[in-house]
Amino acid sequence: MAEKEFWRWKEYNWHDESTDWNGCDTITAGVDVGSVSSQAVIMVDGKLYAFASTRTGSDSPESAHKAMKWALEDTGMTLDDIHYKVGTGYGRVNVPFADRAITEIACHARGGNHMYGSSVRTILDMGGQDCKAIHCDERGKVTNFLMNDKCAAGTGRGMEVFADLLSVPIEDIGDLSFQVEKEPPPVSSTCVVFAKSEASGLLRKGWPKNKVIAAYCNAMAHRVVSLLERIGVEKDFAITGGIGKNMGVVKRIEGELGIEALKTNSDTQIAGALGGALFGKALLEKSRKK
Amino acid sequence: MFTQFQEWYDKRHEYAKDWKQRTGGKVMGCFCSYVPEEMLVAGNILPVRILGSHEPQNVTEPYIFGMYCPFCRDVLAQGLKGRYDYLDGITLSQSCIHLRQSYVAWREHVGVPFDYYLYMPNKVQARAATPYLKSELVKYKAHIEEINGRELTDADLDAGIAAVNRNRELMHKVYEFRKGDTPKLTGLEAMYMTVSSTWIDKEEHSAEIEKVLEQLPDRQVTRDTGARLMLVGSEDDDVSFIDMIESVGATVVVDDHCTGTRYFWNSVVPDDDRLMAIADRYVKRPPCPTKDWEERWRFPHILELCKNFDVQGAVIIQQKFCDPHECDIMPLREAFVKSDIPSLFLEFDVTVPIGQFKVRVEAFLEMIGSEDLF
């Protein structure tokens, strides 16, 4: 029997059954092919219509197709019905059906602006294998940004490594991290491999899993806060990306910064693809005016 | 049009070996752009700036600290691997501690017939800097005479000064063609030219530039200029990086690197006291941050370049662990902000992570442009 993979988060899709896209003026899509996950978002007349979040495979074009196929599932829409498609993420230039490629930094700023409102000035995108601190204006245009360097510490992939090490489903990590009597000091925040090695030592010492999880969430928060502090946090502050759903990390970031991140009912993981779809709408409308 | 410079860049060792054979001259490895090339040229010695090869290596660990900059380690690796085995001598003109360690380790563990540590003053802003450097150049002249076994005459020095000045002035002329709305050359082409000038015989290099200058005015440029960028910071001869930048919608129109403008921007003003004139040139040249104190001479110079070349954004490059440049980055970025010039900071290692940097550069270009997205 295959060993259980605790890191393996659930792929999902959604579409708005109450909207009839037939006859709509603008249908645009953003496809964010990230290093760990791929998302596709479809917007109809500027409103979120459908999205999907899937795992990225070894082949970027295939991952883009897979995400888009899932987003289109049960909608009756085909790829050809979409008027403008934007590719973003690490695989942005390998989205075969994209009309334009735009960086995930610009797309997360635009998507975050749409998701959280025009008051957002600082966005922390916690992606699969990198982290970005982004400043943006009221339109969601990037005014400054910083990315982490050459290391998976403070990223989604780091959290997946810990889920497997501790045999805890990745979706449960946030809640479990709060089930400690006292907040433990962070494990190494400079390298996932070092952190994993340190955590193994703590487990051998008899630390309960929850405490080790708390120590890693603490380390992740510490890591990304140091990135944020390099660029400065201007209010309002919001978090996008998969880790935005992990309250164990989000709360600790808020604690270190001393400010609360804006809340949303939207899926923070689709912010990049959402930004791509919004840019697609702007580009489509401009092309029609010509 | 710039293919000869590229060939020289790619085949630097072959060129130097061939030069040595056909001229019978000696070759001097230079550890820094502060080595007074005029004096070497005067003595029919080919100055060759020692640069890295941008390849991962595992030979320097016993000889240089891991937290010394990757450029210095890469430079030393070239010596330890025997790639500069044709050198007759090496000269370090004092700049930073890291490069000094490369020089010392080279002297101790690679070995060359001649080596010289030139005490280039760090405080170039001191009143005594020029006369002090002149006194050091007197000793360096004696060293060159020892290598050659003959006197370095005033006529030799005049010829050396003239050859190097001519090369600098010609490169200036080429840089003028980067100023217009449509630059006639790319940053990559300019880099091939300036970097190769640090090891090619000045007369040959100048002759090639003159050929280019004949053709440049009529050159039809078909590529979009895109955003006009400046590259600024530590030593940078990384052609793959500048090529990447110019492949995503930008043109590098000017630089402030010791393999670029800092190397050639000012000339020796001829004077009867030749060594004083040379000393004055090196003291007053656009400074390396190791020497740029207490006042900051660099920043007004850099901002002036931005103005003259109509720069829209600056990419600041720092060799990892390069302390002098690291110390300059915060005030430099502030200076850019005050002049409304957005900047992007990137840290270089021996090899450049092109994919990661591409995201940053593209996002930077979107930040300073891309109004069509809104």
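This is a predicted model: local features need pLDDT of at least 70, side-chain atom pairs count only at pLDDT 80 or more; totals for chains, interfaces and linings use all residues.
**Entry 1**

I went back to α5 of chain B, which covers residues 97–109. The helix has 13 residues. From its first C-alpha to its last I get 18 Å, close to the 18 Å expected at 1.5 Å a residue.

Next I asked which residues of α5(B) are buried. My list reads B:His98, B:Leu99, B:Ser102, B:Tyr103, B:Ala105 and B:Trp106. I then checked where they sit around the axis of α5(B). They cover an arc of only 165 degrees, which means that they lie on the same side of α5(B). I jotted down a reminder on helices: an α-helix has 3.6 residues a turn, so residues three or four places apart point the same way.

What covers these buried residues? I found α4 (70–80) and β3 (89–93) of chain B included in the cover.

**Entry 1: chain B as a whole**

Chain B has 15 helices and 8 strands. Buried residues come to 52% of the 374 in chain B. I also looked at contacts in chain B with a separation of 6 or more. Residues 24 or more positions apart account for 74% of them.

**Entry 2: chain A**

I ran through the same topics for the partner chain. Chain A has 8 helices and 10 strands. Its radius of gyration is 19 Å, which agrees with a value near 19 Å for a compact globule of 290 residues. The C-alpha atoms of chain A fill a box of roughly 65 × 50 × 35 Å along the principal axes. Of the 290 residues in chain A, 52% are buried. For contacts between residues at least 6 apart in sequence, I noted that 71% in chain A join residues at least 24 apart.

**Entry 3: where the chains touch**

How many residues of chain B are in contact with chain A? I read 11 from chain B, against 16 residues of chain A. On the chain B side, helix α15 (residues 354–368) gives the most, with 6 residues. I sorted the chain B side by residue type: 6 are nonpolar, 5 are charged and none is polar.

Conventions. Residues are numbered from 1 along each chain as its sequence is written. Chains are lettered from A and ligands numbered from 1 in the order in which they are written. Helices (H or I, at least four residues) and strands (E, at least two) are DSSP runs, numbered from the N terminus. A residue is buried if 20 or more other C-beta atoms lie within 10 Å of its own, exposed if 12 or fewer, and partly exposed in between; C-beta atoms are placed from the backbone. Two residues are in contact if their C-beta atoms, placed from the backbone, lie within 7 Å. Ala, Val, Leu, Ile, Met, Phe, Trp, Tyr, Cys and Pro count as nonpolar, Asp, Glu, Lys and Arg as charged, and the others, Gly among them, as polar. The radius of gyration is taken over C-alpha atoms; the globule rule is 2.2 Å times the number of residues to the power 0.38. The expected span of a helix is 1.5 Å times one less than its number of residues. The arc is that of the directions from the helix axis to the C-beta atoms.
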